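Me: I'm new to this one. Could you take a close look at the surroundings of the ligand and walk me through them?

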Amino acid sequence: MNVYLETYGCQMNVSDSEVVRAVLANAGYSLSSVIDEADVVLLNTCAIRENAYRKIYGRLDTLRPLRKKMQTERGRFVVGLLGCMAQNMKEAMFRHPVVNLVVGPDNYRALPELISKVSKTGQKKAQREIDADLSEYETYQGIDPKRFDGVNAWVTVMRGCDNFCTFCVVPYTRGRERSRSLDDVLCEVRALAAQGFRQVTLLGQNVNSYHAKGVSFADLITAVADVPGVERVRFTSPHPKDFPESLLEAIAVHPNICNHIHLPLQSGSDRILELMNRTYTQDEFIRLAKKIRRMIPDVTLTTDIIVGFPTETEADHQDTLTTMQSVEFDSAYIFKYSERKGTIASKKFPDDVKAEVKTRRIVQLFDAQHEISLMRNQSRIGLTLPVLIEGESDKRPGFQMGKSDGNTTVIFPETSHHPGEIIPIEITDVTTATLLGHFLPKPVFITL
Ligand code: SAH
Ligand code: SF4
Ligand code: F3S
């Protein structure tokens, strides 16, 4: 049978889809990139905000005619929902008439059996199967993810989240924290280096709370950086509460651990941070950001912010704005609060900030960040940065694109160099999101 798989949501889902492909290929399924040839359509879904749900319902609607056609022609068609929305909605997903399989993020080993159960032909009643039990142990140990070729390999080192930020659905869709062993991760990274991946990104819902048999995240990332052949190591997404000095030192000292830290702020107001259960204050956050900049001078800092959390006042919003201006993030993902069923916030605090107020506040933060990002990027004009080439630029014909150490997109006129190579690019111009430059054959690297 042919399986077509579509992935939504965060990098964790991208990485999980690689596990799903491996599980299915090992069981003899073939993977198709053309939906019309598929007997099985799988959507690996996200639940983080309401628009993630809307996207999936829209996609399911588009599958109605295909189901009808396949059911008539072949007598079977499977539409399976995987990932966080599947885990969160469970049986309720069967209310959509095209869905006949629901599998949560910890149950992918069961996929071949579940698919074969729902695709039995000749049954009068449509078959439905669900497996959405969270596990305290599943790390997909022993499954070799089926990756697409490229420059970067995602390596999941821990799964789940125990933080229970009150707005967030992830602790419910991904379950409790669990870490893979150091040996297991190193074994995978050595194989990746041998296969030619130049960059490894360590993944976890709460990646820096990794711990396994006395091995901390700082130990882990150091060991990964020491694997010969690994040119760049990144990690995402961390929580500000888990940045001991040992981790900052590891990043500062190892040239191949990228100087990019994603530091999700969420809000700059102490009152809102408390209601969110973020476990830090505005002052503690700013101090951490300053310490990071002191220890890693050319660091790129990015963040996530939520506007319009319940009870957020104009003063709370101003606190977020001043925190952004004080830290000067290189870029920020800013979201409107979206109430998620089952979360602590949904039970305790009504979603009382009006839609138009959320819109006004988000625009204000976008505008402020826009200026800061541009200024941060402009400070790089004249520098020559090592850039890892990823491929051709989608937007500009005749140009290649790659990433700086800080993970900013860099665009430059085509060179004779190939994806996977790190080359010096002199930065000559910038936009808010991109650095533009040209290849400099004889570089003088200047670090700030
Ligand atoms: N583990 C990651 C978060 C993953 S979710 C971390 O702690 O950084 C990515 C981002 O989505 C969060 O940082 C938050 O800014 C946003 N988010 C999560 N739940 C949300 C909600 N209910 N409404 C709006 N944004 C939300
Ligand atoms: Fe969600 Fe908070 Fe866990 Fe991040 S740390 S996944 S925001 S509960
Ligand atoms: Fe979405 Fe689940 Fe990732 S909710 S953001 S796919 S962990």
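Reply:
**Around ligand 1**

The shell around ligand 1 is made up of 7 nonpolar, 4 polar and 5 charged residues (Ala, Val, Leu, Ile, Met, Phe, Trp, Tyr, Cys and Pro count as nonpolar; Asp, Glu, Lys and Arg as charged; the others, Gly among them, as polar). A quick word on the source: this is a predicted model, where local features need pLDDT of at least 70, side-chain atom pairs count only at pLDDT 80 or more, and totals for chains, interfaces and linings use all residues. Residues are numbered from 1 along each chain as its sequence is written, chains are lettered from A and ligands numbered from 1 in the order in which they are written, and side-chain values use heavy atoms, with hydrogens and water left out.

So who sits there? Of the 16 residues around ligand 1, the nearest are Arg49, Gln205, Gln266, Asp304 and Ser338 (a residue is near if one of its heavy atoms lies within 4 Å).

Now the polar contacts (pairs of N or O atoms within 3.5 Å; within protein, one must be able to donate a hydrogen and the other to accept it, and residues adjacent in sequence count only if both atoms are side-chain atoms). Arg49 has a polar side-chain atom 3.0 Å from an oxygen of ligand 1, while for Asp304 the distance from such an atom to a ligand oxygen is 2.7 Å. Over at Ser237, a side-chain N or O atom is 3.4 Å from a nitrogen of ligand 1.

Zooming out, domain 2 (149-258) and domain 3 (291-379) both give residues to this shell, so ligand 1 lies between them (the bounds come from an automatic or database domain assignment).
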